[in-house]
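Let's walk through this fold together, one question at a time. Have a look at the structure first.

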Amino acid sequence: MSSSSDFVEGISCLSPIKVVLLGSAGSGKTSIITRYIDNTFNLKQISTIGATFQKKKFVIDQQQVSLRIWDTSGQERFRSIVPLYYRLTRVAVLVFDITKQNSLDELSFWADQLQNQLGQLPLLVVVGNKSDLKNLHKDCEKIIENGKQFAESIGATFSLSSALSGEGINDFFYNVAKTILDEKLAESEDDFNSEDNGNIENMIIIKTKEKSACCK
Ligand SMILES: Nc1nc2c(ncn2[C@@H]2O[C@H](COP(=O)(O)OP(=O)(O)OP(=O)(O)O)[C@@H](O)[C@H]2O)c(=O)[nH]1
Ligand SMILES: [Mg+2]
């Protein structure tokens, strides 16, 4: 993967991809984002109030990608406001703590809420965080297995991460962006091949719109 903080002249770019992290308080959502954006980790990370977002830009396959990564609070008292941030979500990341089965059980709540709010589910990814603790807690293997089964049951992919060590974090966001990029390219090809849009002018208009939306 090549990466840079600024977009490069002359390389085409996609409209920003909205990624929302959801899951129980303490599962590590903020820590995952902080590790990815700043490459830092705080053992005393304070609990998120409401929701915040950060941007990350990089280049994959000659395409400039911009992620808008939303961090939400897992606290019960914020549950009614979190859905306000679901609109236009392309990727929902459901995070659980591999040392706590109840943090996995609670993910059904967010999966159901997403379905109710959005009608159609976005790309779903289940992430088992705190993989650095895998060998310290006896139940982790079982909880990870349950996490994989849950992911399969809702049509999500499954990843492990450690915000503490950084394991899995860059690969995870890269894979998310790559999946969306491949989907977009496939959509463009469908548009290109369809009867209504089967000429080169229409293809150029689609590309131009995407570029103007993300390079502001
Ligand atoms: N060992 C270990 N601890 C972690 C990891 N990720 C997060 N933590 C710790 O777990 C605690 C909670 O992390 P947060 O990132 O605040 O969790 P959160 O999901 O954002 O929590 P809310 O904002 O309350 O919803 C903090 O003390 C972190 O330092 C990890 O990968 N490994
Ligand atoms: Mg947080």
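Q: Leaving aside its neighbours within four places in sequence, which residues is V19 in contact with?
A: This is a predicted model, and contact here requires C-beta atoms within 7 Å. With sequence neighbours within four places set aside, the partners of V19 are L67, R68, I69, W70, R90, V91, V93 and V176.

Q: Which residues of the largest nonpolar core touch the most other members?
A: Elements that each supply at least two residues of this core include strand 1 (17-22), strand 3 (63-72), helix 3 (107-118) and helix 5 (169-193). The core holds 39 residues, and those touching the most other members are V19, V93 and L94.

Q: Which element gives the largest share of this core?
A: Helix 1, helix 4 (140-153) and strand 5 (123-129) are among the elements that each supply at least two residues. The largest share is six residues, and it comes from strand 4.

Q: In what order do the strands of the open sheet lie?
A: The edges are strand 2 (51-60) and strand 6 (157-161), each of which pairs on one side only. The twist from one strand to the next averages 25°. The sheet has six strands with mixed pairing, and their order is 2-3-1-4-5-6.

Q: At what angle does helix 1 run to strand 3?
A: Helix 1 packs on the sheet and touches strand 1, strand 2, strand 3, strand 4, strand 5 and strand 6. Its direction makes an angle with that of strand 3 of about 150°.

Q: And at what angle does helix 3 run to strand 4?
A: Helix 3 lies across strand 1, strand 4 and strand 5. Its angle to strand 4 is about 165°.

Q: Which residues of helix 1 are buried?
A: Just after this helix, N39 takes a positive phi of about 55°. Within helix 1 itself, the buried residues are K29, T30, S31, I32, I33 and R35.

Q: Which element supplies the largest share of the shell around ligand 1?
A: The shell residues divide into five nonpolar, 15 polar and four charged. The largest share is three residues, and it comes from helix 1 (residues 29-38).

Q: Which residues come nearest to ligand 1?
A: There are 24 residues around this ligand. Those that come nearest are G28, S31, S47, T48 and G74.

Notes
Residues are numbered from 1 along each chain as its sequence is written. Chains are lettered from A and ligands numbered from 1 in the order in which they are written. This is a predicted model: local features need pLDDT of at least 70, side-chain atom pairs count only at pLDDT 80 or more; totals for chains, interfaces and linings use all residues. A residue is near a molecule or strand if its C-beta atom, placed from the backbone, lies within 6 Å of it. Helices (H or I, at least four residues) and strands (E, at least two) are DSSP runs, numbered from the N terminus. Ala, Val, Leu, Ile, Met, Phe, Trp, Tyr, Cys and Pro count as nonpolar, Asp, Glu, Lys and Arg as charged, and the others, Gly among them, as polar. A nonpolar core is a set of buried Ala, Val, Leu, Ile, Met, Phe, Trp, Tyr and Cys residues joined through C-beta atoms within 7 Å. A residue is buried if 20 or more other C-beta atoms lie within 10 Å of its own, exposed if 12 or fewer, and partly exposed in between; C-beta atoms are placed from the backbone. Two residues are in contact if their C-beta atoms, placed from the backbone, lie within 7 Å. Two strands pair if DSSP finds at least two bridges between them. Axes are lines fitted to C-alpha atoms, for helices over the stretch in contact, and angles run from 0 to 180 degrees between N-to-C directions.
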